[in-house]
Amino acid sequence: MTYGELKELAAENDIEVKELPLVSSDGRIRGRKIAIRHDIETNAEKACVLAEELGHYYTSIGNILDTSTQVASKQELRARRFAHNLLIDYDQLYKAKLSGCTSSYEIAEYLGVAESFLNEALENLKMIYGLSFCAGKYRIDLLDTFDITLLDSTE
């Protein structure tokens, strides 16, 4: 999803999104209002921040600004995973590969996300599933580099 599509999704759910001169973070949510730091350079980066703030809206409870607590840390991770799942799916990753993308920069560019966000999502998958796993109709390999292949429909 693009930044614009995410803003539309938020609006459909009566969540107001504004770009503001935030100092201490890239994004902040309070109730049904999300603030995104106004000087984030690219829409891809803004999309990643907005997706995470939407993740907080749907998965977090209370004030979690102090991430040194275990509860806040878990809620932060849950919101990040929500954002990863919202912006990156296996079909898109496979299409990126078919389009000739080989580096994480090229894949991130194809998906419209920040490269660091993509790398974090892949590390998260590695932590959950290991270096190689099957998901739906795809085999995902996260050894030294990322690879995705379509499973044979006869398997």
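Buried means under 20% relative accessible area, exposed over 50% and partly exposed in between, with a 1.4 Å probe and protein chains only. The model is predicted, so that local features need pLDDT of at least 70 and side-chain atom pairs count only at pLDDT 80 or more, while totals for chains, interfaces and linings use all residues. Residues are numbered from 1 along each chain as its sequence is written, and side-chain values use heavy atoms, with hydrogens and water left out.

**Exercise 1.** Determine whether D14 is buried or exposed, and state where D14 lies.

Solution. Step one: D14 lies in the loop between α1 and β1; helices (H or I, at least four residues) and strands (E, at least two) are DSSP runs, numbered from the N terminus. Step two: the relative accessible area of D14 is 60%, which means that D14 is exposed. Step three: the phi of D14 is positive, about 55°, although D14 is not a glycine.

**Exercise 2.** Classify the crossing of helix α1 (residues 3-12) with α2, and list the residues that make the contact.

Solution. Step one: the axes of α1 and α2 come within 8 Å and cross at roughly 25°. Axes are lines fitted to C-alpha atoms, for helices over the stretch in contact, and angles run from 0 to 180 degrees between N-to-C directions. Step two: α1 is therefore roughly parallel to α2; angles under 35 degrees count as roughly parallel, over 145 as roughly antiparallel, 65 to 115 as roughly perpendicular and the rest as oblique. Step three: α1 passes α2 in a left-handed crossing, a term used if the near helix is turned anticlockwise from the far one by less than a right angle, with right-handed used if clockwise. Step four: Y3, L6, K7, L9 and A10 of α1 make the contact with N43, K46, A47, L50, A51 and L54 of α2, where contact means heavy atoms within 4.5 Å. Eight of these residues are nonpolar, one is polar and two are charged; Ala, Val, Leu, Ile, Met, Phe, Trp, Tyr, Cys and Pro count as nonpolar, Asp, Glu, Lys and Arg as charged, and the others, Gly among them, as polar.

**Exercise 3.** Classify the crossing of helix α2 (residues 43-59) with helix α3 (residues 70-87).

Solution. Step one: the two axes come within 7 Å and cross at roughly 125°. Step two: α2 is therefore oblique to α3. Step three: α2 passes α3 in a right-handed crossing. Step four: the contact includes A47, A51 and L54 of α2 and A79, F82 and L86 of α3. By class, this contact has 10 nonpolar, four polar and four charged residues.

**Exercise 4.** State the strand order of the open sheet that contains β1, and identify its edge strands.

Solution. Step one: the three strands have the order β1-β3-β2, with mixed pairing; two strands pair if DSSP finds at least two bridges between them. Step two: β1 (16-20) and β2 (27-30) each have a single partner strand, so one side of each is left without a neighbour in the sheet. Step three: the twist averages 20° from one strand to the next. Step four: β1 and strand β3 (residues 33-37) pair in the parallel sense over five bridges, and V17 stands opposite I34 in β3.
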